[in-house]
Amino acid sequence: MTGHLEVFEGGGVRLVALTGALLSIGRAPANEVAIASRRVSRLHAVLERFPSGWSIRDLGSTNGTTVNGVPLRHARPLHDGDRIDVGPARVLFRCAQGLPDTETVSVEPAAPVPPLTRREGDVLTALCRPLTTGGQVFPEPPSVRALAAELRLSESAVKKHLANLYDKFGLTGNDDRRRARLAGEAVRRGLHAQP
């Protein structure tokens, strides 16, 4: 493990690997760091990985989050050895800077949105709407069924347009998060700025 969290709760300690781009903390069992306490909100806080390191932000929890004893008001970067208090749990952040698995990020601007057919543009705009309208902490793109209903297309037509969009944006693989990755990439490339 190149980085991990040490979660001290109820007299025991467990290690949670720092993998992926997001780690959620909260009372709900679906969180990567689930803390079984009424003093912890269902979705309490989130750790986010950026090319320069990890940060933490409180998600409007009832009882708040502290880092090194200071109440967390805004997102802040984490450093090796930082202590995070969430309800009765103490979490130690263990991750040295400059790990070999960090990515190098290009400073070049993002590639433009590739040329799209009118219907591909409609599908992509509807797919990205939850990301561009705000209001949700972790917006999920609409399902194929929801896209089909909104655009008055068949589900197979939506799937075909999505397959074309995956190719145009260079998204390979067939994982469950591909629609979310497509929406995120389209917004990163400036789709939200188009009329």
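Guide: Happy to. Buried means under 20% relative accessible area, exposed means over 50%, and partly exposed lies in between, with a 1.4 Å probe and protein chains only. This is a predicted model, in which local features need pLDDT of at least 70 and side-chain atom pairs count only at pLDDT 80 or more, while totals for chains, interfaces and linings use all residues. Residues are numbered from 1 along each chain as its sequence is written, and side-chain values use heavy atoms, with hydrogens and water left out.

Strands (E, at least two residues) and helices (H or I, at least four) are DSSP runs, numbered from the N terminus.

Beyond its neighbours within four places in sequence, Val33 is in contact (heavy atoms within 4.5 Å) with Leu5, Val7, Arg14, Val16, Leu23, Ser24, Ile25 and Gly26.

Now to the strands. Five of them form an open sheet of mixed pairing, in the order β4-β3-β5-β6-β9. Two strands pair if DSSP finds at least two bridges between them. At the edges are β4 (33-34) and β9 (76-77), each pairing on one side only. Strand β3 (residues 22-26) runs parallel to β4, and two bridges join them; Gly26 stands opposite Ala34 in β4.

Further along the sheet, Ser55 lies in strand β6 (residues 53-58). Ser55 counts as buried because its relative accessibility is 8%. Setting aside neighbours within four places in sequence, Ser55 touches Val46, Leu47, Glu48, Phe50, Arg76, Pro77 and Leu78.

Charged side chains also belong in this picture. A salt bridge is a side-chain nitrogen of Lys or Arg within 4 Å of a carboxyl oxygen of Asp or Glu, and by this rule the count comes to ten. In one of them, Arg94 meets Glu6 at 3.6 Å, N to O. Arg94 lies in β11 and Glu6 in β1, so this pair ties together parts that are 88 residues apart in sequence. Arg94 is partly exposed at 30% relative accessibility, whereas Glu6 is buried at 17%.

Arg14, already listed as a contact of Val33, forms a salt bridge with Glu9, with the closest N and O atoms 3.3 Å apart. Arg14, at 31% relative accessibility, counts as partly exposed, and Glu9, at 24%, is partly exposed as well.

Finally, a word on rings. Arg90 lies over the face of Phe8, at 4.2 Å from the ring centre; a charge sits over a ring if NZ of Lys or CZ of Arg is within 6 Å of the ring centre and within 35 degrees of the ring normal.
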